[in-house]
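Please consider the model shown below.

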Amino acid sequence: MGKKELKPCQQPLTGVIEVPGDKSISHRAVILGSLATGTTKVRNFLDGEDCMRTVTIFQSLGVKIEKDEKTLLIHGKGVKALTEPKAPLYFGNSGTTARLMIGVLAGLPLFTTVYGDPSLTKRPMDRVVTPTRQMGANFDGRENSSYLPLAIRGGGLTGISYQLPVKSAQVKSAVLLAGILADGMTEVVEQAETRNHTENMLQAFGANVNKDENSIIVKGKQELLATDIYVPGDISSAAFFFAAAAIVPGSNLTLKNVGLNETRTGIIDVLQIMGVPITIANQQIIGGEKIGDITISKANLTSATIEGDLVPKLIDEIPIIALLATQAEGTTIIRDAAELRVKETDRIAAVVDVLTTLGANIEATDDGMIIHGKTPLTGGYVRAYDDHRIAMMIAIASRITSESVFLDDEASIAISYPNFFADLEKAQQE
Ligand code: S3P
């Protein structure tokens, strides 16, 4: 314990930061570019560990992918050119790689074995195995193939109509990806809108996708055609800087080119409810995704209630929202967020553990947490549970603690934001 000392630093956050590319969109660009015919150029690709897992996997399936800094060139030759890998495919820590690739591998006439790191090995995979099995894929694995490692014999799928039992974009995407490789039509019906990057990007690759209220229908056996993708800045990474600017006195920070897809902007709604001054400038649409520059300044925060259909729009931002709530007057309630229990770690337990150690008044519930603000934060020894979003939340908390915070391990941050500490230092330069 105590490997990285984070010294409190109340230097205001000012100037302009450009956060790295969106993780969800980067994964999808690699997947669709690899299934397509022709060369797909991906600009502002997030070369964090998770998205690089997806790249390596397609290279193992025979796709030529070149990377030059943040630009990828994916030389797709279509689905039929993909080859059976000789070695097991490794998903690392990446839930998105696992869920989306299980959908793809279910649809390909190949035998594959897949596995992940200890965290991913505990996360449920039955949510994607069940629908793709119904479509005709064959799986073998522990507990009726509910967990990694899995053996997959894919191909020969038939489309289905599937009602999502969880509010999960990963599950929706797995079924849609299997659906474009299947015979016939595949429909996915959602209980609440989750991030829609897969269906948007399928259209950018020329696929026929029908969207209607809460249902998405794709035609099977469609050929995807290469296209160029610009990956907007990741709002889930920007969220850590939104929060830092909202709690450190004197801050006024601009985040440039942040993705503003309406299925992802729940954090902006919550900041506004909490009383944070936000302006959005230079809004434009690039490749079907809205982007803009967001400026945030320090606020006297008030509490919020976060529940229902808002939750999928900010699911990855809940750890940092919990930190904001410790600095807000009143009681913040977060509910309908039981999915947090099956993220990279149990994020309800992890957030409550970390913030309690730092002096917050926070309690866990089955499906969320209750935070009584406002409380000053002290220093202490905390664990990030090998979870990138917990580690970054801790680093932002340390801006306003009275003593140093000792973080057990910051390595996980490279999953989604390799330059996080450099950007934090840049924002707090005198
Ligand atoms: C993601 C969807 C979310 C999110 C994850 C990325 C995606 O998971 O937590 O970080 O790219 O589809 P669920 O859809 O399973 O909630």
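The largest cavity holds about 50 Å³ of space. On a 1 Å grid over the protein atoms alone, a cavity is a set of points where a 1.4 Å probe fits but cannot get out; grid points are joined across faces, edges and corners, and a volume is the space filled by probe spheres set on the points. A search of the whole structure finds 1 cavity of 30 Å³ or more. Lining residues, which have an atom within 4 Å of a point, include Asp22, His197, Gly259, Arg264 and Lys290. By class, this lining comprises 4 nonpolar, 4 polar and 4 charged residues, where Ala, Val, Leu, Ile, Met, Phe, Trp, Tyr, Cys and Pro count as nonpolar, Asp, Glu, Lys and Arg as charged, and the others, Gly among them, as polar.

The coordinates come from a predicted model, in which local features need pLDDT of at least 70 and side-chain atom pairs count only at pLDDT 80 or more, while totals for chains, interfaces and linings use all residues. Residues are numbered from 1 along each chain as its sequence is written, and side-chain values use heavy atoms, with hydrogens and water left out. The mean pLDDT (the predictor's confidence in each residue, from 0 to 100) is 97 for the protein, and 100% of its residues reach 70 or more.

Rings of Phe, Tyr and Trp (its six-membered ring) pair if their centres lie within 6.5 Å; planes under 30 degrees apart count as stacked, over 60 as edge-to-face and the rest as tilted. The count comes to 7 aromatic pairs. In one of them, the ring centres of tyrosine 90 and tyrosine 115 are 4.7 Å apart and the planes stand at 35°, so the pair is tilted. Tyrosine 90 belongs to strand 6 (residues 89–90) and tyrosine 115 to strand 7 (residues 111–115), 25 residues apart; helices (H or I, at least four residues) and strands (E, at least two) are DSSP runs, numbered from the N terminus. Tyrosine 90, at 29% relative accessibility, is partly exposed (buried means under 20% relative accessible area, exposed over 50%, partly exposed in between, with a 1.4 Å probe and protein chains only).

The rings of phenylalanine 420 and phenylalanine 421 have centres 5.2 Å apart and planes at 70°, so this pair is edge-to-face. Phenylalanine 420 is buried at 0%, whereas phenylalanine 421 is partly exposed at 23%.

Threonine 56 lies in helix 2 (residues 49–60) and is partly exposed, with a relative accessible area of 42%. Its side chain reaches the backbone oxygen of methionine 52 at 2.9 Å.

Technical notes:
A polar contact is a pair of N or O atoms within 3.5 Å; within protein, one must be able to donate a hydrogen and the other to accept it, and residues adjacent in sequence count only if both atoms are side-chain atoms. On a 1 Å grid over the protein atoms alone, a cavity is a set of points where a 1.4 Å probe fits but cannot get out, and a pocket is an open set with protein on both sides within 12 Å along at least five of seven lines; lining residues have an atom within 4 Å of a point.
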